[in-house]
Amino acid sequence: MDLNDAQPDPATRHTPVFCTIIPPHILDNLAQSDDPERHEPARRTLEHDHVARTERRAIAARGGLTPGEPGADADKPNRTIYDARHREDLPGKKVRSESDGPSKDASVNRAHAGLGATFELYLKVYGRKSIDGAGLPLNATVHYGRRYDNAFWDGERMVFGDGDNDLFKDFTISVDVIGHELTHGVTQYTANLDYQGQSGALNESVSDVFGVLIKQYALGHTADQADWLIGADLLGPNVTGTALRSMKAPGTAYDDDVLGKDPQPAAMKDYVHTIDDNGGVHINSGIPNHAFYLAATAIGGKAWERAGQVWYDVLTGGELTHTATFADFAALTIKAAKARFGAGDEHEAMIKAWTQVGVTTK
């Protein structure tokens, strides 16, 4: 049976999943290194993430989350940053609230700014008030664990490791990484895509799409100016690569003797069938990622305005089921483009982009 065919208990729907920016296949490669300076952080990170995923499933089984009602100040961010002080106890010590000025700690300031950049895109471009649409406070914890090589959204907050200062830098550095993780929260409150198989790859891809749009919006880059990379600032000086993922050219982000080679496919003919990583959610997300890149660059201009609007309409429109396949998502983007922009350039760009990556709509 295809992993994506599994039907979850309705009680677990609209619930958070444990989502990390560094995929398991990279950490698995690192864990095999003969160098203890490299395999020890990776092994600790893998052990931590396995436990955290198990705990998240237990929390999810107790019931779902629903958006609240927008408050009077829902159009303003309400950010709180905590410091774990290299422990793994959450949330840690509160070190900056919304009304406070900048901290002496650069990680605190970067986390605060990244939360703000994410809030700003969703509010100013799509009219969404925080990730739940109702002004949900945005919380983050920095300096989590020791040499923890990951960042994650745990359903309640962003959590950042400091990296190992060899292969990975401080995880607060990349605003697209912050946007990626917080977008898992948006998905949690909207389509709630199952985190397995094609729906899981869509879950990851949606986070990549809006993560890169948050970066482009913050920089003022048009589609042709953008680098279309996720985590371009995250890799350390000893890594042969440019980023964690490339939406422009999936499979080319890195080719490193320790990390391995980027396994993402750009088209369905190279779809990876695996039982690892919930059916390859971090790998096969390259296909819808590439479709978005193709559509956005064909349309031109600022990607968040038209291509991004179509993706947002699909994510929040109520027709995207939690078990959606690539074909389901593609059909909805084509329909949404026509509904919002008519049978023009945007509609044609969607049709062509999905055709180019080999996704046949129903």
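What covers the buried residues of helix 9? The cover includes helix 5, helix 7, helix 8 and helix 10. The model is predicted.

**Helix 9**

- Helix 9 runs over residues 326–341; with 16 residues, it reaches 22 Å from its first C-alpha to its last, close to the 22 Å expected at 1.5 Å a residue.
- Its buried residues are Phe 326, Ala 327, Phe 329, Ala 330, Leu 332, Thr 333, Ile 334, Ala 336 and Ala 337.
- After helix 9 comes Gly 342, which has a positive phi near 85 degrees.

**Packing of helix 9 with helix 10**

- Helix 10 covers residues 345–356, and its axis lies 8 Å from that of helix 9, at an angle of about 170 degrees.
- Because angles over 145 degrees count as roughly antiparallel, helix 9 is roughly antiparallel to helix 10.
- Helix 9 contributes Phe 329, Ala 330, Thr 333, Ile 334, Ala 337, Lys 338 and Phe 341 to the contact.
- From helix 10, the contact residues are Glu 346, His 347, Met 350, Ile 351 and Trp 354.
- Sorted by class, the contact between helix 9 and helix 10 holds eight nonpolar, two polar and two charged residues.
- An α-helix has 3.6 residues a turn, so residues three or four places apart point the same way.

**Helix 7**

- Helix 7 spans residues 286–299; its 14 residues reach 20 Å from first C-alpha to last, close to the 20 Å expected at 1.5 Å a residue.
- Twelve of the 14 residues are buried, so helix 7 is largely enclosed by the rest of the structure.
- The buried set is made up of Gly 286, Ile 287, Pro 288, Asn 289, His 290, Ala 291, Phe 292, Tyr 293, Leu 294, Ala 295, Ala 296 and Ile 299.
- These buried residues of helix 7 pack against helix 5 (197–219), helix 8 (307–316), helix 9 and helix 10.
- Gly 300 follows helix 7 and has a positive phi, near 80 degrees.

**Gly 241**

- Gly 241 sits in the loop between strand 7 (229–230) and strand 8 (245–246).
- Its relative accessibility is 37%, so Gly 241 counts as partly exposed.
- Leaving aside residues up to four places away in sequence, Gly 241 touches Leu 235, Ala 253 and Tyr 254.
- The C-alpha atom of Gly 241 is 9.5 Å from that of Leu 259, with the two residues 18 apart along the chain.

Conventions: Residues numbered from 1 in each chain as written. Predicted model: local features only at pLDDT ≥ 70, side-chain atom pairs only at ≥ 80, totals over all residues. Heavy atoms only, no water. Axes fitted to C-alpha atoms, helices over the stretch in contact; angles between N-to-C directions. Helix = DSSP H or I, 4+ residues; strand = E, 2+ residues; numbered from the N terminus. Parallel < 35°, antiparallel > 145°, perpendicular 65-115°, else oblique. Contact = heavy atoms within 4.5 Å. Nonpolar A, V, L, I, M, F, W, Y, C, P; charged D, E, K, R; others polar. Expected span 1.5 Å × (residues − 1). Buried < 20%, exposed > 50% of the residue type's maximum accessible area, 1.4 Å probe, protein only.
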